[in-house]
Amino acid sequence: MELLRGVYQAAKKDGTVYYRSSITFHGKHISLGSYPDCIQANEAYRDAGEILAGKQGDINDPNPFSSSCLSFEKQIVLMNFRDNQYYIKTPIYLKKKYFLYYLSPDYVLTFDADDLFYYSNHKIMQRGGHLFVSDFGMQVNILSRYGIKNYGVAGKDYRFVNGDPTDFRYRNIEIITRYHGVDRIMDHGLPRYQARIHINGDYIIGRYDTETEAAAAYNKAAAYLKEKGCTKNFPKNYLPDLDAITYASLYNKIRISPAIRKLTFT
């Protein structure tokens, strides 16, 4: 039953009454949310109408969010639909060749247009400083789309080229290290790659000319420690650019630190 314009009464399974609000724009029926009373639901409907009519809600304003009933996410959805004629259910606002994703009024991420389809269908969530989406029932860190491991540290394993940690456009993310236990270092003024492995503290496996050699050295040290009775579960580095024969040749000639070979486990 419609009470005020855009408001409908509904009931939960336990019989509790609540009110839903919705609006239609350019033939698209848009749900605005659920409310405890019909007054708030109607205010949400009126605010949505004001936004869609262009009477409020300018994304370029310092504070474009003025509704007390509509969530800021829904306001972004409506402003984007009004300005760009493209309805997206997540809080995305389209720009030329990129888009903005609003986590809050003050926390806005920038992505390349290539990621639009993905984030139109995957809501970004935040927990403990990490940004992730739910994908097939799993929490997936958004950094994984750039080949960055879950434990990756900004400034060490990757960096934002322009210094803006909210700019996730591909040209702005530089991967410094791609493999477990591998760090890029400067050795006598030259870039090299140091492999290390953590047991009870870090052990240096060696320093190598290439990142691939360091990654293979990590694998070799992990395998050696397993043979010696270490029960720790070391992650393995996968080197997709090397075929099996090339990898085996590299693995066999790689040398690891004598300190690793002296370790014993009881």
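1. Six bridges tie strand β5 (residues 98-104) to β6, and the two run antiparallel. Within this pairing, Tyr102 has Val108 of β6 as its bridge partner. Two strands count as paired if DSSP finds at least two bridges between them; strands (E, at least two residues) and helices (H or I, at least four) are DSSP runs numbered from the N terminus.

2. A word on the source: this is a predicted model, in which local features need pLDDT of at least 70 and side-chain atom pairs count only at pLDDT 80 or more, while totals for chains, interfaces and linings use all residues. Residues are numbered from 1 along each chain as its sequence is written, and side-chain values use heavy atoms, with hydrogens and water left out.

3. Back to the sheet: it is open, has three strands in the order β4-β5-β6, and its pairing is antiparallel. β4 (92-95) and β6 (107-112) are the edge strands with a single partner each, so one side of each has no neighbour in the sheet. From one strand to the next, the twist averages 25°.

4. Helix α2 (residues 72-84) lies across β4 and β5, at about 30° to β4. Axes here are lines fitted to C-alpha atoms, for helices over the stretch in contact, and angles run from 0 to 180 degrees between N-to-C directions; contact means heavy atoms within 4.5 Å.

5. For the pocket criteria, a 1 Å grid is laid over the protein atoms alone; a pocket is an open set of points where a 1.4 Å probe fits, with protein on both sides within 12 Å along at least five of seven lines, and lining residues have an atom within 4 Å of a point. Grid points are joined across faces, edges and corners, and the volume is the space filled by probe spheres set on the points.

6. The second largest pocket has a volume of about 190 Å³. Among its 13 lining residues, Gly129, Leu131, Leu143, Tyr158 and Phe168 lie nearest the centre. β8 (130-135) and β10 (158-160) each supply at least two residues of this lining.
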